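Welcome! Have a look at the chain below, and then let us walk through some of its features together.

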Amino acid sequence: MIDLQVQDKTHDETRQGEALILDAPNKADARKLYIESYGCAMNFADSEIVASILSETGFETTGDYHQADVIFINTCSIRENAETRVRNRLSQFGVEKRRNPKLIVGVLGCMAERLKSKFLEEERLVDVVVGPDAYRDLPNLIEQVESGHKAVNVLLSREETYADISPVRLNSNGITAFISITRGCNNMCSFCVVPFTRGRERSRDAHSIIAEAQSLFEAGYREVTLLGQNVDSYTWTSEDGTETVNFAQLLEQTALVNPDLRVRFSTSHPKDITDEVLYTIAKYDNICNYIHLPVQSGNTRILELMNRTYTREWYINRIDAIKNIIPGCAISTDIIAGFCTETEEEHQDTLSIMDYVGYDFAYNFTYSERPGTLAARKFEDDIPEEVKKRRLAEILAKQQAHSLLRLQEWVGKTVRVLIEGTSKKSDKDYCGRGDSGAMAIFPVIDGVKPGHYANVLIEKCTSATLIGKIV
């Protein structure tokens, strides 16, 4: 997989299992909360909501689970390897629980509803299981466990958006932040468990989103990413029915918070992304010229089996619109190799659409059957593993070549970069991103610091990084 360290990628492998820590003064009587997160950006944003809710009841975060009074794993059910990781971690936490019987261990998020019986009753790995719509109930559930009972709340809601909760920014660089704008999903893609684990889609109050963006800017943040399973279908109507805001309008309102607040969003769905959204991106300099538009497959028959509700031709139409309305816009995607019944010719259709688009980067996986999905019920997972891996290798090789070509186009050009911090490899270099999301590395100079914008002349590149100097 080509990893350009884009903040809103579907699964940032560098963050999987990350312990989220709030930089706050220690209180002698504070109880310690350890949260470990897996999966997509939505899960990491949800962990911030959990920390905010429990901070109101006297909890502080810790990065050492040996010190914790409560351990939570925020889980993902999208890919099988995520479940394997979580089970391994629960076994490790079980060792700690035998040492400290008062320790509370819980599972949050997408795995909760589907595996609640296994976790609580059969395998007895945890004390509490909480779904993504029940985080407000956590203080009560913790009390139940302390009184000697197992606790579970995996009820899904048609209303819960946590709009009134200001997330605690955990492990933040103080410069970039996520803002959740929708919860749940109405797209019943046959391979996906999200509609079953996160419920039906609902949009958050637009005023609360803009207020959060304004608050973040005033606190020194300079980039926000609007998050949702499908941001393009965002539609909020006020209770009295006098105001309706769609995604293009929300994007514009966020951009108007301040011209120095850079705006990203993820994820778009090809069936919903409109020209109105594209023209809004083109209109405002502080909305990044970058769109993540998952294709999943380049073949119409496979797309129909996936229940993606668009054709190859529709997707190409949307790509053409992006390139015409926002010239030079960076485009990334998700691709699944080896979906049920996929033929070699249909695999070639995926490779050919990659050539047509020329993606800046892509997040590529072999098909992994998820229990409870439409595909698991209706289709046989009939592509041999070695064939899946070979097709994935072909996709990866093509994407690596495309990614390098796209980065080479920046060499000799000046890019406006938001400085996020020092490079992981050297404190003598800064790192930051331009519009496209590609990471740039450049020497530290006096007078500029993280949170500032800098014009960086790109002098060369690797297959994943731009390298230059401030001019």
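Let us begin with two strands: S11 (223-227) and S14 (262-266) pair in the parallel sense over five bridges. Two strands count as paired if DSSP finds at least two bridges between them. Helices (H or I, at least four residues) and strands (E, at least two) are DSSP runs, numbered from the N terminus. Within this pairing, Thr225 stands opposite Arg264 in S14.

The model you are viewing is a predicted one, in which local features need pLDDT of at least 70 and side-chain atom pairs count only at pLDDT 80 or more, while totals for chains, interfaces and linings use all residues. Residues are numbered from 1 along each chain as its sequence is written, and side-chain values use heavy atoms, leaving out hydrogens and water.

S11 and S14 belong to an open sheet of three strands, ordered S8-S11-S14 with parallel pairing. Strand S8 (176-180) and S14 stand at the edges with a single partner strand each, so one side of each has no neighbour in the sheet. From one strand to the next, the twist averages 25°. Helix H1 (residues 41-55) lies across S8 and S11, running at about 90° to S8. Such angles run from 0 to 180 degrees between N-to-C directions, with axes as lines fitted to C-alpha atoms, for helices over the stretch in contact.

## Helix H7 and its covered side

Which residues of helix H7 (residues 247-255) are buried? They are Phe247, Ala248, Leu250, Leu251, Thr254 and Ala255. They sit on the same side of H7 because they cover an arc of only 160° around the axis, the arc being that of the directions from the helix axis to the C-beta atoms. An α-helix has 3.6 residues a turn, so residues three or four places apart point the same way. Here buried means under 20% relative accessible area, exposed over 50%, and partly exposed in between (1.4 Å probe, protein chains only).

The cover over the buried residues of H7 includes helix H6 (206-218), S11, strand S13 (244-246), S14 and helix H8 (275-283); contact means heavy atoms within 4.5 Å. At the N-terminal end, Asn246 caps H7, with a side-chain oxygen 3.2 Å from the backbone nitrogen of Ala248.

## Three cysteines from the record

UniProt, in an unreviewed entry, places the feature "binding site" at Cys40, Cys76 and Cys110; such annotations may be inferred rather than shown by experiment. Although spread over 71 residues of sequence, they cluster in space, with a largest C-alpha distance of 10.7 Å.

Cys76 is in the loop between strand S4 (70-75) and helix H2 (80-99), and its 3% relative accessibility makes it count as buried. Cys110 is found in helix H3 (residues 110-122) and also counts as buried, at 7% relative accessibility.

## Backbone details and the TRAM domain

A cis peptide bond joins Ser266 and Thr267, with omega about 10°. Thr267 lies in the loop between S14 and H8. In the loop between helix H9 (300-305) and helix H10 (312-325) you will find Asn307, which has a positive phi of about 60° although it is not a glycine. Asn307 counts as partly exposed, at 32% relative accessibility. Thr309, in the loop between H9 and H10, has a positive phi of about 65° and is not a glycine either.

Finally, the unreviewed UniProt entry places "domain: TRAM" at residues 408-471. Over residues 408-471 the chain is 2% helix and 53% strand, and the end C-alpha atoms are 19 Å apart.

Conventions. A polar contact is a pair of N or O atoms within 3.5 Å; within protein, one must be able to donate a hydrogen and the other to accept it, and residues adjacent in sequence count only if both atoms are side-chain atoms.
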